[in-house]
Amino acid sequence: MAKNTICVWYDKDAEAAARFYAETFPDSAVGAIMRAPGDYPDGKQGDVLVVEFTVAGIPCIGLNGGPAFKQSEAFSFQIATDDQEETDRYWNAIVGNGGQESACGWCKDKWGVSWQITPRVLMEALAIGGDQAKRAFDAMMTMRKIDVRAIEAARRG
């Protein structure tokens, strides 16, 4: 286990979520699956309790903690994409698998975990600042899934 690991709370589907992430994103995998050694408030002995997984190179654990805590946009995975094809692939995988669209490149998977599918061209424009950043930002504010061509056009003015 890594010294610093992101822990994502799930009601009961940490293993299914980890397998979906591993199938969807490069440099992702499912690691150890730990089962509860005894009964606990929202599960029984032998139920999957903790799943180690990696998402795009980031070590995580999924904890099947029950319904006490819900996901929110206060935590999200941000996936940088190189082009529209990659943006579409990840967006469609998340939204098309029971997820939900949101605004400005954000979506949620079917477990409620938030994702930012963010083309690098957008982040580059914001980093430059000035009028180019303002135009790209204004364009982004009208979008759900980010349209790379529209961001590039906004950058050019």
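**Entry 1: Thr24**

I looked up Thr24 in this predicted model and found it in helix α1, which spans residues 14-24. Next I followed the side chain of Thr24, which reaches the backbone oxygen of Phe20 at 2.7 Å. Leaving aside residues up to four places away in sequence, I noted that Thr24 touches Tyr90 and Ala93.

**Entry 2: α3 against α4**

I turned to helix α3 (residues 120-128) and helix α4 (residues 130-140), whose axes lie 7 Å apart at an angle of about 140°. The crossing in which α3 passes α4 is left-handed. On the α3 side I listed Leu122, Ala125, Leu126 and Ile128 as making the contact; on the α4 side I listed Gly130, Gln132, Ala133, Ala136, Phe137 and Met140. Sorted by class, this contact of α3 with α4 holds eight nonpolar residues, two polar ones and no charged ones.

**Entry 3: α3 against α5**

I examined α3 with helix α5 (residues 148-156) and found that their axes come within 9 Å and cross at roughly 25°. I therefore described α3 as roughly parallel to α5. Here too I noted the handedness: α3 passes α5 in a left-handed crossing. From α3, the contact takes in Val121, Leu122, Glu124, Ala125 and Ile128; from α5, it takes in Val148, Ile151, Glu152 and Arg155. I counted six nonpolar and three charged residues in the contact of α3 with α5, and no polar ones.

Definitions and conventions: Residues are numbered from 1 along each chain as its sequence is written. This is a predicted model: local features need pLDDT of at least 70, side-chain atom pairs count only at pLDDT 80 or more; totals for chains, interfaces and linings use all residues. Side-chain values use heavy atoms; hydrogens and water are left out. Helices (H or I, at least four residues) and strands (E, at least two) are DSSP runs, numbered from the N terminus. A polar contact is a pair of N or O atoms within 3.5 Å; within protein, one must be able to donate a hydrogen and the other to accept it, and residues adjacent in sequence count only if both atoms are side-chain atoms. Contact means heavy atoms within 4.5 Å. Axes are lines fitted to C-alpha atoms, for helices over the stretch in contact, and angles run from 0 to 180 degrees between N-to-C directions. A crossing is left-handed if the near helix is turned anticlockwise from the far one by less than a right angle, and right-handed if clockwise. Ala, Val, Leu, Ile, Met, Phe, Trp, Tyr, Cys and Pro count as nonpolar, Asp, Glu, Lys and Arg as charged, and the others, Gly among them, as polar. Angles under 35 degrees count as roughly parallel, over 145 as roughly antiparallel, 65 to 115 as roughly perpendicular and the rest as oblique.
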